[in-house]
Structure formats: C-alpha cells, structure tokens
Amino acid sequence: MTSKSKIKSVDFYRKIPRDLTEASLTGAGLSIIAAFFMILLFGMELNDYLTMSTTTSVIVDKSSDGDFLIIDFDMSFPALSCEFASVDVSDVLGTNRLNITKTVRKYSIDSNLRHTGSEFETGSIANAIKHDEDVDEEYTEGSISLTGRNFDRVAHRFPILVVNFFAPWCHWSNRLKPSWEKAENIIRERYDPEMDGRILLGKVDCTEEVDLCTRNHIQGYPSIRIYRKGSDLREADGHNEHESYYGDRDTESLVKTMEELVAPISLESQRVSSDAKLQTNGTKRPAPTSGGCRIEGFVRVKKVPGNLVISAHSAAHSFDASQMNMSHVISHFSFGKRLSQQAISDMKKFLPYLGQSYDKLSSNAYITNPKESNENVTIEHYLQVVKTEVMTGTNKVVEDYEYTSHSSLVHSLDIPVAKFHYEPSPMQVLITETAKSFSHFLTNVCAIIGGVFTVAGILDSLLLNTLRLVKKVELGKNF
C-alpha cells in the first residue's frame, strides 16, 4: 500500500459516488426544515451575543464621592414668605447649619405658585439686634394706629410712611415698643406731619388687623416696613413694592434711619427722588412681593442620618405657630448629582425598574390648612437612600441614588416645619454589564449547524426505513 493510500484510509468524510445517491421528496422537505431551524437558531444566538448581560451584587459603599452626599431640591411653599424661609441641615454627628444661602435661591410666588418677581435677595439678619437698655416706664404713644380703612389713604399722603407691624403677645414687639414711640416723638417734633409732611411713623396691631397684615405678607413680628409715595402703588399683578428694615431697634438707630429716609426729599416738592427709591443696604432690603416662596438649590451633607429642614427662622422675630402653614409642592428632590434624561434612559436599558425611585417625591403636594383645625402641623418625610452604580461595557460609570419615602403630618408644640429625615445606606448596589466572548458565540453556531444536521439525518433515515417497510408489507414480502 502506497503512502498516498495510507493517508486516504484516515478520511473521516468518505464520499459516496453521485450515481449511488438518491434524491427524495421527504429528504428535500427535511432539508428545508433543517435550514429554517438553522437560520432561526443562528438569529437567536446572534441576538444573545449582541445583548449585554448584567450581574447585580450588593457591596459596601466605597464610591468616589467619599463621605459626602448632595441633596438637590426644588420646592414651593405657597404660605411661607421668602423673608423668613430658612434651609437648615443637621445630622447625628452634631452638625447644625442654619439658614444656608450660598447654594440656595429663593423666589417670591403667589398662592398659585407663579413667580411675582426676580430672585429674592437674601441677607443676614443680625443675631443680636440692639434695643434700648434702659426702658422708661412712662412714654407717650405718639405713632398713629393704622387700620384697613385708613392705611392706603395715609400711605398716599406722605412721601415716607414707616409702619411697625406688631403683635401684643410678641416679646420682640414689646421690646421695640418704647424705642418706637420715643423715635416717633422725636421725628414728629423735627418733621411735623402737618407743617413738614415728609414722613410719618405708624403701627398696625396684627391681632386686630389680620387682613391688613396678610395683604402686606407679614409673618414675623415685629416687621418694620418702609412705604415710599409713588413706589408703593399696586402693580398689574396686585403686589406692593416696599422695603423691610432689619437694623438695630434702639431709639438712636431708628431716628438716624428715619432722617436718612427724609434727607433726599425736598420740603417744597415732597417727592421722593429716584435715587432714594428702594435702596438696598445692610439694614434695608426689598420686602417680599407675595406671601409664598419657591426654594431651589442644593446642600452638601455627610453620609450619615440627618435632617433637611425648611422653616421660618429669625433671631429677632416671633412667629404665631397656630398660623404657620408649611404646605408645599415638590418639583424635584434627589440625592447625588442630578442625572440628565439621557443618563436615566441609559440606566433603564440595563434594568427596567432602575431609575423609578430617583426622584420619587417629584410632583407631590402636601397641603394643610390652619383655618380648618390643622394648626401647628409639621410635615415630615422619612427617606431611606441607597446608591446604585452601573458599570457599562465601555467602562462608563453611571451613579444613581434611589430612595423610598414615607410622609406624615405631625402636630408640633413648636413652630411647624417641613422636615426631610434621610438615612443613607452603608451598602450599595453594583450592576456590571459584560459582553459575551466571540469564541463562545462561534462554538454555539457550530453546535447549532452540527446538531441540526445530525438530527435531520437521523429523522431522514428513520423516515426512509419506515417507508421501505410499509412498501414491503404492501407487496406481501417476508423478511
């Protein structure tokens, strides 16, 4: 035997002469069916190869943002004035930050949540406002009492009208009262209302003139407002423009402020010069144009249980807790950096339910009404926060903080607030996206072709032998 013949003897695929093969309709049918199944299975395998697989695991949070967490929010309070609205943060480690303003913006809004002006200018109210040390027991009450019937008439008569909105039960109002009356007597002697007529000091008892104080958006006592003739007229939207005074409340400081207000006004014309209108400095700022406030921005907190509190806050004003209404509408509330719509869409490609709790409180409204026996109501939200991190096949990392929320109304003994209690989890969910290897895909394709071909051959052989057996029976042959 030649070497060539020896090589041929190991041929696994020996050929049958073409003239010994026989084509049949059954074989053709099986071949078509086998080809269809091969194409079908190949398409399914190709789709599986192109689809990324994901694995989910729970690990200790070791993310790149370290020990801090960003809380991003956009909320509207229809009954909380921007004048006193305060964003406070505290946590279990003892951190306590009051009236955060650097990363927070405020806009005055009306009861329908519409903006009534540009961004509200937030300034610091002195923690230790100066009052008269020696209070004389006897002093003459000379300031005029204003009511809803005469307020507009008086405001349009005098170029400068300075009004003390007070409440008899208020500690700070009672401390201001002697200084206010003494300052009024001094100003009356220097600028007689009948002879001079450039300035008048008045007062409003907000327990008697509730509607007048509400119309002027008074929420803290005492509130000193400065009305200038020509600038305090109602605009088309129904709002007044005037100033709030936040300076010292001793007699000397009040008199000095009043004289500064009168100085730009000529005695002959009794008109406020354009340079004097709505000036802003450390003690005077534009008053809120409406009684509501939209608060948006972010705060950076430690990754420990804590509280984000929205409240009315001032170190020199008192608030009537029974009339405080902390109703609010949440437009946005999330943890971590705000995700773009594209990022949220990319995350949903991995898990259909991912991203549904990213902004869970969005578009929710929490409304109370102190006039309907809902006095002293604090609105509390309990949030449990879990971080989810997605590692894509291109090594792109998408971070998402999701949270559950439970809200409740609580009757408070103190001033009502809107409280968000958050608890970050020490664990995080890690979702890893991996692609299938090409070798695995190629192996499966070969298995599909060989498997279908083999099964089809077995079926063809069984079918052929069965048909032969049937023919023999029909011909009466014995075997």
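**Fold, cores and local geometry of the predicted chain**

Of the contacts in the chain with a separation of 6 or more, 83% are made by residues 24 or more positions apart, a contact being heavy atoms within 4.5 Å. The model is predicted: local features need pLDDT of at least 70 and side-chain atom pairs count only at pLDDT 80 or more, while totals for chains, interfaces and linings use all residues. Residues are numbered from 1 along each chain as its sequence is written, and side-chain values use heavy atoms, with hydrogens and water left out.

The secondary structure consists of eight helices and 19 strands; helices (H or I, at least four residues) and strands (E, at least two) are DSSP runs numbered from the N terminus. The chain has 479 residues, of which 44% are buried, where buried means under 20% relative accessible area, exposed over 50%, and partly exposed in between (1.4 Å probe, protein chains only). The accessible surface of the chain is about 26700 Å², with 55% of it belonging to carbon and sulfur atoms; areas come from the Shrake-Rupley method with a 1.4 Å probe, and for residues only the protein chains shown count as cover.

The largest nonpolar core contains 37 residues, and those with the most contacts inside it are Ile 71, Phe 73, Ile 295, Val 299, Leu 308, Phe 333 and Phe 335. Such a core is a set of buried Ala, Val, Leu, Ile, Met, Phe, Trp, Tyr and Cys residues joined through side-chain atoms within 4.5 Å. At least two residues of this core come from each of strand 2 (68-77), strand 3 (85-91), strand 13 (292-302), strand 14, strand 15, strand 17 (377-391), strand 18 (397-411) and strand 19 (418-434). The most is given by strand 2, with five residues. Beyond its neighbours within four places in sequence, Phe 73 is in contact with Val 87, Val 104, Ile 295, Glu 296, Gly 297, Phe 298, Val 299, Leu 308, His 332 and Phe 333. Another core, of 19 residues, lies apart from the largest one and has Ala 155, Trp 172, Ile 218 and Tyr 227 among its members.

Strand 2 also holds Ser 76, which counts as buried because its relative accessibility is 6%. Residues up to four places away in sequence not counted, Ser 76 touches Ile 109, Leu 113, Cys 293, Arg 294, Ser 327, His 328 and Val 329. Ser 76 and Leu 113 are 37 residues apart along the chain, yet their C-alpha atoms are separated by 6.8 Å. In strand 17 lies His 381, which is buried, with a relative accessible area of 0%. Leaving aside neighbours within four places in sequence, the contacts of His 381 are His 328, Tyr 366, His 406, Ser 407, Lys 419, Phe 420 and His 421.

Helix 4 (residues 171-190), with 20 residues, reaches 30 Å from its first C-alpha to its last, close to the expected 28 Å. A kink of about 35 degrees occurs in helix 4 at Lys 177, shortly before the proline Pro 178; the bend is the angle between axes fitted to the seven residues ending at a residue and the seven starting there. The buried residues of helix 4 include Trp 172, Leu 176, Pro 178, Trp 180 and Ile 187. Among the elements covering the buried residues of helix 4 are strand 8 (160-166), strand 9 (199-205), strand 10 (223-228) and helix 6 (251-262).

Most residues other than glycine have a negative phi, and most peptide bonds are trans. In the loop between helix 5 (210-215) and strand 10 is Pro 222, joined to Tyr 221 by a cis peptide bond with omega about -10 degrees. The loop between helix 5 and strand 10 also contains His 217, whose phi is positive, near 60 degrees; His 217 is buried, with a relative accessible area of 16%. Ser 363 likewise has a positive phi, of about 70 degrees, but is exposed, with a relative accessible area of 63%. This serine lies in the loop between helix 7 (341-350) and strand 16 (364-366).

The backbone oxygen of Pro 222 is reached at 3.1 Å by the side chain of His 317, a residue in the loop between strand 14 (306-312) and strand 15 (328-335). His 317 is buried, with a relative accessible area of 7%. Its side chain also forms a polar contact of 3.4 Å with that of Arg 249. A polar contact is a pair of N or O atoms within 3.5 Å; within protein, one must be able to donate a hydrogen and the other to accept it, and residues adjacent in sequence count only if both atoms are side-chain atoms.

Terms used
Expected span 1.5 Å × (residues − 1).
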